Amino acid sequence: MSTPVIDSLLLRCTPVVHETATTLAQTALALLRQDLADLQLDLRLVRVAQQPQGIAYLYFALGSPQPLSADQTRQAERRLQSAGSTGLAACELSRLQLVMQRIGPAQGEATPVHYAVEMDPEAGWQDELFAWYDQEHLPGLASVAGTAQAFRYLNLDHGPLSLACYDLVDAEVMGCPAWLAVRGTTWSARVRPHFTNTRRTMFDAQPLVEAIS
């Protein structure tokens with residue numbers, strides 16, 4: 001089997017009281033660059049998202065798509081877990097393949113809200129669920145006023161398999177008529193019951209500091 005070509009890495013971790021998601025991102029970025037230096041991945045941090053007092057999602061982009069094996073990813077994950085940081089001790093590192101990216105009307109505006117929807121398709125429903133996501137749902141939500149950008153990835157490691165995420169100007173975007181209209185289509189009603197292992201998470205998006213580059 002060939003090694004998958006990936007676009008990004010997702011690190012899930014939980015900062016403790018004396019840590020911040022940004023501090024963990026700095027630590028993780030330095031370690032990942034060191035561990036994966038031979039692969040010349042040009043790794044950079046692109047998003048720090050955290051629930052209040054809870055889990056953080058740290059997104060790292062590669063300069064260009066590159067092959068990365070499951071073994072290489074697990075080795076880097078173990079290095080992070082043993083780095084001596086409490087917040088990284090139980091972290092999960094996953095390879096992400098970009099399926100779709102759409103720029104929204106709010107591109108360029110501050111986006112303090114990051115919303116992520118993760119799911120595994122029910123057996124036999126993957127083709128239709130992914131068609132719905134890529135043809136109707138994600139492009140529709142990306143077009144709503146207040147959405148800066150939307151992405152869908154495949155999570156090749158810790159799952160769930162599908163990760164859709166949205167950068168929003170505020171949480172109220174998700175309750176506006178245009179957003180609800182996209183969610184309320186006939187096709188949506190048909191496929192949504194076939195989500196499994198579903199996670200819907202609202203995050204505060206942390207500003208990226210100059211030290212993380």
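Trainee: So contact means heavy atoms within 4.5 Å. Leaving aside neighbours within four places in sequence, which residues is Ser-69 in contact with?

Mentor: Once those neighbours are set aside, Ser-69 is in contact with Thr-3 and Arg-95. One note before we go on: this is a predicted model, where local features need pLDDT of at least 70, side-chain atom pairs count only at pLDDT 80 or more, and totals for chains, interfaces and linings use all residues. Residues are numbered from 1 along each chain as its sequence is written, and side-chain values use heavy atoms, with hydrogens and water left out.

Trainee: Got it. Where does Ser-69 lie?

Mentor: You will find Ser-69 in the loop between strand 3 and helix 2. Helices (H or I, at least four residues) and strands (E, at least two) are DSSP runs, numbered from the N terminus.

Trainee: And is Ser-69 buried or exposed?

Mentor: Ser-69 counts as buried, because its relative accessibility is 19%. Buried is under 20% relative accessible area, exposed over 50%, partly exposed in between (1.4 Å probe, protein chains only).

Trainee: Let's walk on into helix 2, then. How many residues does helix 2 have, and how far does it reach?

Mentor: Helix 2 covers residues 70-81, which gives it 12 residues. From first C-alpha to last, helix 2 reaches 16 Å, close to the 16 Å expected at 1.5 Å a residue. That expected span is 1.5 Å times one less than the number of residues.

Trainee: Which residues of helix 2 are buried?

Mentor: The buried ones in helix 2 are Thr-73, Ala-76, Glu-77 and Leu-80. Looking down the axis of helix 2, those buried residues fall within an arc of 105°, so they line one face of the helix. The arc is that of the directions from the helix axis to the C-beta atoms.

Trainee: Changing topic to the backbone. Which residues does a cis peptide bond join?

Mentor: The cis peptide bond is between Gly-159 and Pro-160, with omega at about -10°. Most peptide bonds are trans, and most residues other than glycine have a negative phi.

Trainee: Where is Pro-160 found?

Mentor: Pro-160 sits in the loop between strand 6 and strand 7, and strand 7 covers 162-168.

Trainee: You mentioned phi. What is phi of Gln-40?

Mentor: Phi of Gln-40 is near 50°, a positive value in a residue other than glycine. Gln-40 is found in the loop that runs between helix 1 (21-35) and strand 2.

Trainee: Why does Gln-40 count as exposed?

Mentor: Gln-40 counts as exposed because its relative accessibility is 67%.

Trainee: And what about phi of Asn-197?

Mentor: Asn-197 has a positive phi too, about 50°, although Asn-197 is not a glycine.

Trainee: Where is the place of Asn-197?

Mentor: Asn-197 belongs to strand 8.

Trainee: Last one from me: is Asn-197 buried or exposed?

Mentor: Asn-197 is exposed, with a relative accessible area of 53%. While you have the model open, you can look at Asn-197 in strand 8 and then go back to Gln-40 in its loop between helix 1 and strand 2.
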